[in-house]
Amino acid sequence: MGNIQSISYFLPELMVIATVVVALIADLVYSDRNSYKVGYLVIAGLVVASFTLWLSLPEETTPIFLNTIVVDPFSRIFKFVFLLATFIVVLMSMNSDELKGVRTGEYYTLMAAMVLGMSLMASSVDLIMVYLSIEIVSIISFILAGYLRAQVRSNEAALKYVIYGAFSSGLMLYGLSLLYGLTGTTKLFQLSGSISSLGPGSNLTLTVSTILMLAGFGYKVAIVPFHFWTPDVYEGAPTPVTAYLSVAPKAAGFALLIRFFNTLFGTGQPLNSPVWQAMEGVPWQDILMVLAAVTMTVGNLVAIQQKNIKRLLAYSSIAHAGYILMGVPVLSQEGVYAIVFYIIVYLFMQLGAFSLAIVVSNRYGTEIIEEYSGIGWKSPYLGFFMAVFMFSLTGIPPTAGFIGKMYLFAALINGGSQFYWLAIIGVLNSVISLYYYMRVVKVMYFQGGREKDLYVPGGMSAAIVLAMAIPSIYFGVRWSFLADWVNSSLKFFIAGF
Amino acid sequence: MVDLNTYLVIGALLFSLGIFGVITRRNGVAVLMGVELILNAANVNFVAFARFGGMDLSGHIFSLFVIILAAAEAAVALAIILNIYNNMGTINIDEADQLKQ
Amino acid sequence: MTIGVTINSLPVINSSTSMYRDFGTSFIFVLIGIILVAVPLLLQRILSPRRKTAEKMSTYECGEDVEGPAWVKFNIRFYVIALIFIIFDVEVVFLFPWAVVYKELGLFAFVEMMIFLGILALGLAYVWRKGDLEWVKYSVPYGRGRYRKLTIIEETPASPAPAPQETAA
């Protein structure tokens, strides 16, 4: 579809772009003290974009802008995830003490620009677009991680992020160049056709190029051999940014990973079992299964030793990336369905845990878990909801995390007997994770004095926590609404055009 | 009279040198130079494939985008390194270790 | 087939050997270059007398005494200007392919490019307004924010420097 006809399909993204431009201009006008007002503009822009996204109901996959990106239900649901996560994080940032006293106009503008990058990640079907969108998201993440310029911790987080990020995107780019050389096209749909017609002689090149590309994707979603940046960046960055980075770009990375590998190594049939058989002799499913197992095990085992709540949540987010990755090698509609469902649930519980960490840090000035002692009694509000998020992250019924994990394991079990061992490892990991999540709850309730100051956080902070906690419980009891919505959004794969 | 393989070998050499630089250098700016080598290795590949492989123009376009994104990335990275230098007085990435317990 | 052999068959016009011929010519050229440099260096090493005194080993034997290391620090302003320049400079690369085919693409491409340039101009306005183009930072409207440290130094009453012209923000 040509450029002019494409515009009408691109309205939500155009709204985001307009938001960025308006926010940038507004930031030029506002003085330092009023700079935070850009946040309200961004929120308004995000609401408008969500509304236009709601109105656009793509029935099928429509390629737009000369077949570089597509509009389909699959990308639509991910765009909602990005908009929602950004919306919450902007609200969280406005109530964070860390960002008081710094000029935050650019901060909110960059977050809006990041929504654009992530939307493109979820919908790109051209190698150029893939690389471009990943870089948009990465570069903005670097700036956000180092936003507190006077703090050495924040600087250091940004430095580590930029070095790992630039390195792995370079690796991915080299892999993309080899792929282009093998097939002579950058369009994903044509690529899949060309790859299946390649002889066995190019298997080695294809393997090398895919491993290199996996390095780029793996860095974005922080799966294990490429996860080294995660704890340091998550600890050093401002807490709202950490919350953002652990949810939104990760979701975008998984969206891209699913679309990329399903389209590239698909043989035409929508999400059916022998999908990646184009590369015969290369055990892709096994590699991804091992990666998933290693990722969640490493994430959970290292999380046990953490003393800082941000670092704990960082390793737990690595473990969750491992859980989500379990759904990828199953290669069934059910697997992708479980992944999307889990990402939505994970958004609520992870952002909730972080928003609570911000409230605690604002009020009690600590990020160390041991110093959380007695908070459960001092402030029952914080204690109760932290327990909810920790239960949900572990996956204990009746929370949403349990339903998410249940779908993932169900997809594995239904996928066939070769996935049973992965499911067992996943269950074992959930048990391990119970230990360190419950430690937080234990410290809050069973350590320290039991004096009561009955602290309830201020209006907006309390509202964010509540808004995250309600879905974390509600989707654990009644999830059919969410399940139907996710299910209807998975008709994204088409053979080619 | 130079064929595709020559360019691919040059690209592979640049790629290896870039990885070598990233792994061995401790100076933040030198690491970035290694990354630039990797990006340019990919660029050489793209242009060579597009020129000799009888393919469409997308290889050339890809390399244009890579150049621009590399510049943007380098600008952000240098600004971060400059900031580190202002606060810590060093750009040695090994000495930035406040976050490890 | 070695290069030496190919050079012997220079008169044969043959497309398959012409690559070797091209390389052979440049190889001879490089060889002569190396010889021309190496021989005088070798000669002076053999012939010239050598007496190492402190005076002889200094950088400028009959000039000024060297002070300080060779790695001087440049003013940080140069980096900021250079970074800004790089960004805007590289974006121009998109203009070249556009300019080549712009007549065929017509009005729509023109509008597209103008939007692109407009966003770039917004970036420039941003940089300008934030004072990153100013050489002297404290006279910009945002002196209090981004370049706060500079203003504070100027504001100390004991400072002998002339009072900065503070534009009211």
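**Note on helix packing and the chain contact**

1. In chain A, Gly383(A), Met386(A), Ala387(A), Met390(A), Leu393(A) and Thr394(A) of helix α17(A) meet Ser430(A), Ser433(A), Leu434(A), Tyr437(A), Met438(A), Val440(A), Val441(A), Met444(A) and Tyr445(A) of α19(A). Contact here means C-beta atoms, placed from the backbone, within 7 Å. Helices are DSSP runs of H or I with at least four residues, numbered from the N terminus. By class, this contact has 11 nonpolar, 4 polar and no charged residues. Nonpolar covers Ala, Val, Leu, Ile, Met, Phe, Trp, Tyr, Cys and Pro; charged covers Asp, Glu, Lys and Arg; the others, Gly among them, are polar.

2. This is a predicted model, in which local features need pLDDT of at least 70 and side-chain atom pairs pLDDT 80 or more, while totals for chains, interfaces and linings use all residues. Residues are numbered from 1 along each chain as its sequence is written, and chains are lettered from A and ligands numbered from 1 in the order in which they are written.

3. Helices α17 (380-394) and α19 (420-446) of chain A pack at about 175°, their axes 9 Å apart. Axes are lines fitted to C-alpha atoms over the stretch in contact, and angles run from 0 to 180 degrees between N-to-C directions. The two helices are therefore roughly antiparallel (over 145 degrees).

4. Between the chains, the contact takes 37 residues from chain B and 35 residues from chain A. On the chain B side, α3(B) gives the largest share, 17 residues. That side has 27 nonpolar, 9 polar and 1 charged residues.

Methods. Contact = placed C-beta atoms within 7 Å. Parallel < 35°, antiparallel > 145°, perpendicular 65-115°, else oblique.
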